[in-house]
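Reader: I would like to be taken through a few features of a structure, with the general idea given before each case. Could we begin with how a residue is judged from its surroundings?

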Amino acid sequence: MTALLETRGVWQRFGGLIANSDVSISVQAGEIVGLIGPNGAGKSTLFNLIAGVLPPTEGSIIFDDENVTRLPAAERCQRGIARTFQVVKSFETMTVIDNVIVGALIRTTVMREARRKAHEVLDFCGLAARADVPASQLIPSEKRRLEVARALATEPKLLLLDEVLTGLTPIEAQRGVELVRKVRATGVTVLMVEHVMEIVMPLVDRAIVLDLGKVLVEGKPADVVRDPKVIAAYLGDRHAVGA
Amino acid sequence: MHIMTAETIIQSLASGLLMGLLYGLIAVGLALIFGLMDVVNFAHGEFLMIAMYATFFLFAFFAVDPLLSAPLVAAALFVFGAVVYLLVVRFAMRAKANAGMVQIFSTFGLAIVMRGLAQFFFTPDYRSITHSWLGGKTVSIAGIFLPVPQLFGALVAIAAFGALWFFINRTDFGRALEATREDAGAVALVGIDKNRVFALGWGLGAALVGLAGAIMAIFFYIYPDVGASFALIAYVTVALGGFGSVFGAFAGGLLVGLVEATTALILPPSLKSVGIYAVYLLVVFIRPRGLFGSL
Amino acid sequence: MDTAFAERRRRNLIVAACLAAIAALVPLFVKDVYVQNIMVLSLMYAALSQSWNILSGYCGQISLGHALYFGLGAYTTALLFTKFGVLPWFGMLGGGLISAAIALALGYPCFRLRGHYFVIATIVIAETALLLFQNWEWAGAALGIDIPVRGDSWLKFQFTRSKLPYFYFALVLACIAWFVTWWLEDSKWGYWWRAVKDNPDAAESLGVVVFNSKMGAAAVSAFLTAVGGSFYAQFVSYIDPESVMGFQFSLLMALPAVLGGIGTLWGPMLGAVILIPLTELTRSFIGGSGRGVDLIVYGALIVLISLARPQGLVGMFSRHRKAATR
């Protein structure tokens, strides 16, 4: 079975700094994959490469059997890759529903359709009650949900979540986990970068661990967590959470 | 158009360099303020205008030569700049939505008010300082005739840049300025009052353009709209050099002065600014952050 | 939820139609030529500011060089008429298309610029155009173009006996500008413009092609502004570079929107009907010695609005309305 997303030999260099080195991963349709690793491992860079923020120095990215390596972010969204931002980037002068409508408009130009779809998505994400509130007035966890809702409105095949569970209270984090499960249940594949191990490990089907720009280990969460190489990598990072 | 001999060309370029240094002096205040707090002072030209008027009135009523009034005018502009920050800009920076628009139009509105006040109090008549120590004199250096006021202005500009460099890199306040520029939020934690630093930054920026104005009053006509023409040159200079870069303002000024002089040799005098505008567009299209800009 | 939204949209349309109807009746009661003149100018600036608002308010690309398009519209009409006998109606269309084309051509390099670099580029481009026109002999250079007026004619769009036709045309122009904004506001373009304004990176991640969005806004805005310029040329029958491409025009197109509410549907209209009469009246009432007073007044207004109420005066009304429905 061909993977939904594949990165083949991806290298990312910034001048003399190597952020990603020979990274080849794949994500199957319908999976929830966790991308983890200590600080500076190159997770965010890889994430941004997949999202289309910048093209890789070397290597290719294949999505849904198409080589999208040179496609900019907007076109990748067209193809079905949506993402959230770690530092929430809501459209502050617009209401919650309007924020989501922006996403919905990539699939339809009929406003009534887009609005209906936006309402559905808000409902799905538990933000229906806040539809007419200006995005600037949301509390942080609601803003995170809005990020997800907006991305979902673009009807993605692959949803990239950037530390969507970090910094939430345990209750909020649990609700977040449920939302991610709901998203997968609708047929959307999820690739999530995360830091909070104890939340993420029960959630993902598979974990890919990066360290120093390279893929260290991949496999089932339970196995990965016990892998001595992974433990060593995290112990070396004083800011690791969990484990 | 002039007869183009090597002599006239060198003459023009030399004058251009001198004016360029003065443009740099006008522009550096703008660069400083922007580098400090990400705000473009769209009333900068009007600061120049009041400096010129102040110099004129000190001459007209008290017969004070511009050279003597220059430090006074600079000091007065320092206070004025700080006051403008405290009364207007401080509030402009609080805007969350439409932040860019607020900053642009609050200072623009101020510029309009200042121009209106100048027209109201001073009338639109053109003024000039008729007798001054340096006015109208030229000096010959290596066979090139240079106007003394501009030469003096250029020297003052160089001295000011030097003093500014020293101030920013070697004094405590200069370091506070840099620190606030890097992280305005964090400096409060080390006991630096952000508002005070910003006010002083504005004062300093205004004082520099005040100095330029006092000198320019010697050889330019003074009228309410005089700020507008120089303001655009100042913005172009700063943008060319890269917003936030003091050195960029210096280099930008020189470049602008040279380009203006060169253009005046080739095109009719009314088109002399076209060269500067063209260079600006060319530079930012290739390097969207200006030559030395990092912001 | 959806019906409330549709209702609000319809209400706006009805209010606009009513206001237009009322405005259309005003000249029947106001015969003073001086006042009529102010009304024509207010409507013209309402249209111009509304057009400016599309690029700078909705899409967030603040342009202080829109006098370029105004001037291009004025000159295209004037030149086509005086040199080739082309009727101003076609001249208007021509001016609009030329301006839109130039906006697109300029947008290509300019929209790569961010923030202040962009604003300054717009000022610089307009100034350059002004200087070029001042030195262009064929277009009249600094002396400009005098449009010969020989009696009333709808064909040639010139009227000597009454300002009323100009008034109605300006009213239609304002209505068109308002309507285009109203229509685009609830469309893919409108939403994408606002997304680009608020956060271009997020917009891109949602499939918005930021560059195309900006270009679209620029073209529409330039077209409408140029039509306004063409109208102005016919209204005053004499144009020169300083009077149609000067920076003061760029400012005067922006200020009503800032005052009334930048990025809103009614803001520029509201701002224009307050600002234009205010400046004209202060200028004439205080007479000769009052030079500069109009500047002081509207400069102070702009400072106050930007600091105290950046969302503009329109914000005051909608807040009350929202409170009333709670």
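Reader: Is A:D65 buried or exposed?

Author: A residue is called buried if 20 or more other C-beta atoms lie within 10 Å of its own, exposed if 12 or fewer, and partly exposed in between, with the C-beta atoms placed from the backbone. A:D65 has 9 other C-beta atoms within 10 Å, and is therefore exposed. This is a predicted model, in which local features need pLDDT of at least 70 and side-chain atom pairs count only at pLDDT 80 or more, while totals for chains, interfaces and linings use all residues. Residues are numbered from 1 along each chain as its sequence is written, and chains are lettered from A and ligands numbered from 1 in the order in which they are written.

Reader: Where does A:D65 lie, and what is its phi?

Author: Most residues other than glycine have a negative phi. A:D65 has a positive phi, near 65°, and lies in the loop between strand 4 (58-63) and strand 5 (66-67) of chain A; helices (H or I, at least four residues) and strands (E, at least two) are DSSP runs, numbered from the N terminus. A positive phi, near 60°, is also found at C:S237, which sits in the loop between helix 9 (210-236) and strand 2 (238-239) of chain C. C:S237 is partly exposed, because 14 other C-beta atoms lie within 10 Å.

Reader: How many residues of helix 9 of chain C are buried, and what span should that helix have?

Author: The expected span of a helix is 1.5 Å times one less than its number of residues. For the 27 residues of helix 9 of chain C this gives 39 Å, which agrees with the 39 Å between its end C-alpha atoms. Helix 9 of chain C is mostly covered, with 22 of its 27 residues buried.
Helix 2 (residues 44-62) of chain B can be read likewise: its 19 residues reach 27 Å from the first C-alpha to the last, close to the 27 Å expected.

Reader: At what angle do helix 5 and helix 7 of chain B pack?

Author: Two packed helices are described by the angle between their axes and the distance between the axes. Here axes are lines fitted to C-alpha atoms, for helices over the stretch in contact, and angles run from 0 to 180 degrees between N-to-C directions. Helix 5 (residues 148-170) and helix 7 (residues 194-216) of chain B pack at about 165°, with their axes 10 Å apart. That makes helix 5 of chain B roughly antiparallel to helix 7 of chain B, since angles under 35 degrees count as roughly parallel, over 145 as roughly antiparallel, 65 to 115 as roughly perpendicular and the rest as oblique. The contact involves B:P149, B:F152, B:G153, B:V156 and B:A160 of helix 5 and B:L208, B:L211, B:I215 and B:M216 of helix 7, two residues being in contact if their C-beta atoms, placed from the backbone, lie within 7 Å. These residues divide into eight nonpolar, one polar and no charged, where Ala, Val, Leu, Ile, Met, Phe, Trp, Tyr, Cys and Pro count as nonpolar, Asp, Glu, Lys and Arg as charged, and the others, Gly among them, as polar.

Reader: Which residues meet where helix 3 of chain A packs on helix 7 of chain C?

Author: The axes of helix 3 (residues 96-104) of chain A and helix 7 (residues 188-198) of chain C come within 10 Å and cross at roughly 110°, which means that the two helices are roughly perpendicular. A:D98, A:I101 and A:V102 meet C:Y191, C:W192 and C:A195, and by class this contact has five nonpolar, no polar and one charged residues.

Reader: How many residues of chain B are in contact with chain C?

Author: On the chain B side there are 40 residues, in contact with 34 residues of chain C. Helix 4 (99-122) of chain B is among the elements that give two or more residues to this side, and helix 4 gives the most, with 16 residues. By class, the side of chain B that touches chain C has 31 nonpolar, eight polar and one charged residues.
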